[in-house]
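Hi everyone, thanks for making time this morning. I'd like to walk you through a structure that may be new to you, so let's bring it up on the screen.

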Amino acid sequence: MGCGTSCSEKDKQSETALKAALIIQNWYRGRRAQLKTRQRYALTIFQSIEYADEQSQLQLSNFFSFMLENYTRVLEEDSDQSKCAIKPELVTHLLGSNIQDKDRQDYLGLIDVPDSYCGPRLQFPLTFTDIDLLIEAFKQQQILHAYYVLEVLFETKKLLQQKPNFTHTKTSPSKEITICGDLHGKLDDLFLIFSKNGLPSVSNPYVFNGDFVDRGKNSMEILMILFVSFLVYPNDLHLNRGNHEDFMMNKRYGFTKEVLNKYKLHGKKILQILEDIYTWLPIGTIIDNEILVVHGGISDSTDLNLLHRIERNKWKSVLMPPIPIDGDRATEKENKVGTTITARGIRTNGSLSEQLTKHEWEQVVDILWSDPRGKRGCYPNTSRGGGCYFGPDVTSRILNKYQLKMLIRSHECKPEGYEICHDGKVITLFSASNYYEEGSNRGAYIRVSSGTPPRFFQYQMTRATCLRPHYQRVNALESSAIRMLKERMISQKTDLIRVFQLQDCSKSGKLSVGQWAFSMENVLGLNLPWRSLSSRLVTIDKDGNIDYMSSFQDIHIQKPVKEAQYTLIETVYRYRSDLQIIFNVIDSDHSGLISMEEFRSMWKLFTSYYSVCIDDSQIDELAERMDLNKDGSIDFNEFLKAFYVVHKFDKLNKSDTKFA
């Protein structure tokens, strides 16, 4: 009897404990799912804005073509070069015309390495000791002297010129090869890979699949480690070109600025050689005649036979598609510096500027810019504005056509560092952890060998933030994403208000969530889950309607000059990245200055092409005010920095807020 009572009480206690455990488990699972959803939305925001920026970057190609056509037209009408602010040297630079190869001594002859220099000193020919020396120096945040940088670049170019468009390499069950995706200047990730996986060697070969540079702050150090390793092990370290190995991309995404900041005296020389080196990087790698490794992807028209044959060094930048040459219009004029202008083409120093054909150029763009999708077929990559989306049917058809089994590509940040799709035939690999923000994603690399499935290795660089709880890291990630999205919204405030008011037939100042979401997507085109994001972006009343002006209540664009009209401020802020690239291209000597005349001429071209309705007198007045020392020149970087967003108050750090 007593035993029965005791057992019954124990059963009740066990049942209560089990229920409590289930409640805690369900709460924990719900909380994790909630945090995962918020993290996914934040990553979606980051990625959508990143792709929209890349789309803007690719659209600049049409502007530069328009600019060159304008240059041609002006010179056809009048050979007086002073009437055109676009310099002939700028034209040849944009077209990728052959620049006479300067002797190594032209660059190195006047550079001395002083005795006071305490950084790494490389010994040529290089050995594995130099790889170790370089890595240890960079861990101590030392800067490699410009003399050694240029030596490495010249040697790398010479060796790359001997490489085919596609590097063919073989493995065996006892000799794997490691494949790494985008690094984007994340030096700590490269150190971690080498720490876990070993340094490159004859017995430990690597493929680095492009996008070594931009975004991160140590792109130069990554290039030097990879190039030195390539020079030591030219048959065991393979470098593929990515879409960021492009001098025009570098102007927007930070590498040009990094080089000029680290090498103030010789940065221009380094950038000149790098532009040339990019053109000689191989397009891809083929492993065991089974695995195709390229940076972006493929299209339904990908022709690997053609890509094996093209002269890859003719392709300088995706932003400069081939200029059509009209053979029927042979009228030519020669300007004062010897650049010959035809009606539809440009000849430099008497010879046709070397360039790929349009078909060849499109083939390379598809290889570097395309992304896989679950939908069948091949259709334009509307998110990035270049390359295509290719479906599983396209993957199967191209792989079968060339007797391949798998495509390994990079180009897209993935939360886990890699992703498998298209029935296991496509692997996306991304090696830059914390790409958007601390905790945003893992990095990964793959080891493959003949006859065995790929092995995946994940990692994530962590510093002080690793001590914070997971929910705090998600809060920080989410806050950063929302902040970036609000800056995107304020840059198109005028257009958004116009569309909001068109939807607001009753003039109440309020819209339904559906109307607001439609308006946001219609103007911004970011393909985001606006309904879910609405609780973080606007004020919603008890009836579920949105006060649409609350979209801008805690943010505004700072006016550099009080008298400036808001439409002008908003326009310059919206296009500031494009304008910075354009002005950087004009600024061929990297002085950071352009003349008032160049500024006015380029602004007129820009507003004409982009259909910007801003009176020229407004920008003239603003430029005059920004010319602080009245010397007739503008520091355009400082000019554009004057247009920035101010967040009046920040509601983003509240730990109890979340996406709906």
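This is a predicted model: local features need pLDDT of at least 70, side-chain atom pairs count only at pLDDT 80 or more; totals for chains, interfaces and linings use all residues.

The mean pLDDT of the chain is 85, and 86% of its residues reach 70 or more. There are two stretches to treat with care. Over residues 326-353 the pLDDT stays under 50, and the model has 59 contacts there beyond four places in sequence. Residues 651-660 are also below 50, with 32 contacts in the model beyond near neighbours in sequence.

Now the chain as a whole. It has 660 residues, and 54% of them are buried. The secondary structure comes to 22 helices and 25 strands. If you take the contacts between residues at least 6 apart in sequence, 74% of them join residues at least 24 apart. The accessible surface is about 29,900 Å², and carbon and sulfur atoms account for 49% of that.

Let's go inside. In soluble globular proteins, nonpolar side chains tend to be buried together. Here, the largest nonpolar core has 113 residues, and the ones with the most contacts inside it are F63, F64, L485, W516, W530 and F639. Which helix gives the most to this core? That is helix α1, residues 2-77, with 12 residues. There is also a second, separate core of 58 residues, which includes L122, L126, A146 and L237.

Let me stay with W516 for a moment. Leaving out residues up to four places away in sequence, W516 touches F500, L511, W530, S534, L537, V538, I546, Y548 and S551. Notice that W530, one of those partners, is also on the list of residues with the most contacts inside the largest core.

W516 is one of the buried residues of α16, along with V513, A517, S519, M520, V523 and L524. How are those buried residues arranged around the helix? Looking down the axis of α16, they fall within an arc of 160 degrees, so they line one face. What do they pack against? The partners are α14 (470-490), α15 (493-503), β19 (510-512), α17 (530-537) and β21 (545-547). As for length, α16 covers residues 513-524, and its 12 residues should span 16 Å at 1.5 Å a residue; the end C-alpha atoms are 16 Å apart, which agrees. Just after the helix, G525 takes a positive phi of about 60 degrees.

Helix α7 is another one to look at. It runs over residues 219-232, and its 14 residues reach 20 Å from first C-alpha to last, close to the 20 Å expected. Of those 14 residues, 14 are buried.

Next, a buried residue in a strand. I446 sits in β17, residues 443-449. Its relative accessibility is 0%, so I446 counts as buried. Beyond four places in sequence, I446 is in contact with I177, T178, I179, I408, I427, L429, P454, R455 and F456. Take L429 from that list: it is 17 residues from I446 in sequence, and their C-alpha atoms are 7.9 Å apart.

Setting aside neighbours within four places, S383 is in contact with Y51, A52, Q55 and Y389. With a relative accessibility of 27%, S383 counts as partly exposed.

Finally, some backbone details. The peptide bond from F124 to P125 is cis, with omega near 0 degrees. P125 is in the loop between α3 (104-108) and α4 (128-139).

Then there are two residues other than glycine with a positive phi. D288 has phi near 55 degrees, and it is found in the loop between β5 (284-287) and β6 (291-294). Q403 also has phi near 55 degrees, and it lies in the loop between α13 (392-401) and β14 (406-409). Are they buried or exposed? D288 is buried, with a relative accessible area of 15%, whereas Q403 is exposed, at 62%.

Notes
Residues are numbered from 1 along each chain as its sequence is written. Side-chain values use heavy atoms; hydrogens and water are left out. A nonpolar core is a set of buried Ala, Val, Leu, Ile, Met, Phe, Trp, Tyr and Cys residues joined through side-chain atoms within 4.5 Å. Buried means under 20% relative accessible area, exposed over 50%, partly exposed in between (1.4 Å probe, protein chains only). Helices (H or I, at least four residues) and strands (E, at least two) are DSSP runs, numbered from the N terminus. Contact means heavy atoms within 4.5 Å. pLDDT is the predictor's confidence in each residue, from 0 to 100. Accessible areas come from the Shrake-Rupley method with a 1.4 Å probe; for residues, only the protein chains shown count as cover. The expected span of a helix is 1.5 Å times one less than its number of residues. The arc is that of the directions from the helix axis to the C-beta atoms.
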